[in-house]
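Trainee: I am new to this structure. Can we go through it by question and answer?

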Amino acid sequence: KIMVLSGKGGVGKSFISSMLSLALAERNYRVSIMDADIHGSSIPTLLGLHDARHYADEGGILPVEGPLGVKVVAINLMLDSPDLPVVWRGPLKSRAIIELLAKVKWPEGDFLILDLPPGTGDEAITIVQSIKDLTGAIIVTAPNILSEVIVSKAVNFVVKNNVRLLGIVENMSYFKCPESGREYSILGKSTGEELARKYNTRLLARIPLDPLIASALEEGVPYLLAYPEGEAAKAIRSLAGEVLRILQQ
């Protein structure tokens with residue numbers, strides 16, 4: 001059970017969560033993913049589940065089956081339309097997460113990836129208090145000083161709640177020119193390694209900017225499956241391998 005979080009939005013946390021799930025499923029692991037971002041649920045879109053909806057039977061709420069057999073649970077899959085806003089205060093959000101954890105008919109599996117919203121508020125607190133056997137947490141950051149300061153809050157949240165910090169992923173780390181092979185730091189200086197040193201943890205991966213990610217979204221196909229040889233796809237598979245290596249130690 002791995003939670004993926006960040007101190008701020010816009011760092012591509014849901015992209016990392018969804019593609020990591022697929023990369024693990026490619027290795028024949030049984031994977032479920034829960035989108036705990038009540039207001040900004042985006043896992044269904046990233047996995048190409050545009051018309052899917054949750055149903056229920058006598059045993060509970062049924063996860064939606066996504067690509068490669070990944071089981072998906074998300075508030076957006078319960079709405080009449082995915083663009084409807086969820087206007088809830090904190091207590092309602094916490095209750096919704098607890099009820100999903102309790103009432104979903106979770107299949108037997110190897111991994112549950114928990115995609116959290118930005119920050120360290122109600123949803124994150126509810127997850128760490130409700131799931132006592134969390135395996136660990138992955139922190140997602142981006143290469144600039146502002147991200148470094150705010151993401152540090154997420155690191156401290158994980159440590160304070162006695163959750164194992166598996167490491168840091170720096171998303172949008174660089175752009176590799178397909179013609180020259182030269183790398184460009186478009187968003188600024190890389191801060192992932194400094195964060196990892198500061199908190200005595202690992203930089204699990206540097207995920208590059210890849211224009212094909214936007215192309216995959218427009219096509220409605222998960223990036224990892226649409227462009228398996230893309231630069232970011234290679235880095236995501238490397239991330240999956242690193243996570244597996246750490247968990248097997």
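Mentor: Start with a definition: patches are made of residues with over 30% relative accessible area and no salt bridge, with like charges joined within 9 Å and nonpolar side chains (Val, Leu, Ile, Met, Phe, Trp, Tyr) within 5 Å. Accessible areas come from the Shrake-Rupley method with a 1.4 Å probe, and for residues only the protein chains shown count as cover. A salt bridge is a side-chain nitrogen of Lys or Arg within 4 Å of a carboxyl oxygen of Asp or Glu. This is a predicted model: local features need pLDDT of at least 70, side-chain atom pairs count only at pLDDT 80 or more, and totals for chains, interfaces and linings use all residues. Residues are numbered from 1 along each chain as its sequence is written, and side-chain values use heavy atoms, leaving out hydrogens and water.

Trainee: Which residues form a nonpolar patch on the surface, and with what accessible area together?
Mentor: One member sits in helix α8, residues 223-226. Helices (H or I, at least four residues) and strands (E, at least two) are DSSP runs, numbered from the N terminus. The patch is Leu68, Val221 and Leu225, with about 210 Å² together.

Trainee: Is Leu225 buried, partly exposed or exposed?
Mentor: Buried means under 20% relative accessible area, exposed over 50%, partly exposed in between (1.4 Å probe, protein chains only). Leu225 has 32% relative accessibility, so it counts as partly exposed.

Trainee: Which residues touch the most other members of the largest nonpolar core?
Mentor: A nonpolar core is a set of buried Ala, Val, Leu, Ile, Met, Phe, Trp, Tyr and Cys residues joined through side-chain atoms within 4.5 Å. This core has 46 residues, and the two that touch the most other members are Ile138 and Tyr223.

Trainee: Which helix gives the most to this core?
Mentor: In soluble globular proteins, nonpolar side chains tend to be buried together. Here the top contribution is nine residues, from helix α9 (residues 231-247).

Trainee: Where is Ser173, and which side chain makes a polar contact with its side chain?
Mentor: Ser173 lies in the loop between β9 (165-170) and β10 (175-176). It is buried, because its relative accessibility is 1%. A polar contact is a pair of N or O atoms within 3.5 Å; within protein, one must be able to donate a hydrogen and the other to accept it, and residues adjacent in sequence count only if both atoms are side-chain atoms. At 3.0 Å, the partner of Ser173 is Arg206.

Trainee: What does the side chain of Ser152 contact?
Mentor: Ser152 is in helix α5, residues 145-160. Its relative accessible area is 7%, so Ser152 is buried. The polar contact, at 3.5 Å, is with the side chain of Tyr199.

Trainee: How many residues apart are Lys1 and Asp133?
Mentor: The two form a salt bridge, with closest N and O atoms 3.0 Å apart. Lys1 is in the segment before β1 (2-5), and Asp133 is in the loop between α4 (122-130) and β8 (136-141). The pair links distant parts of the chain, and the separation is 132 residues.

Trainee: Why are Glu242 and Arg245 separated by about one helical turn?
Mentor: Their salt bridge has closest N and O atoms 2.6 Å apart. Both are in helix α9, and the spacing is about one turn because they are three residues apart.

Trainee: How many salt bridges does the structure hold?
Mentor: Side chains of opposite charge can pair when their charged atoms come close. Lys103 and Glu99 also meet in a salt bridge (3.6 Å, N to O). The total is 11.
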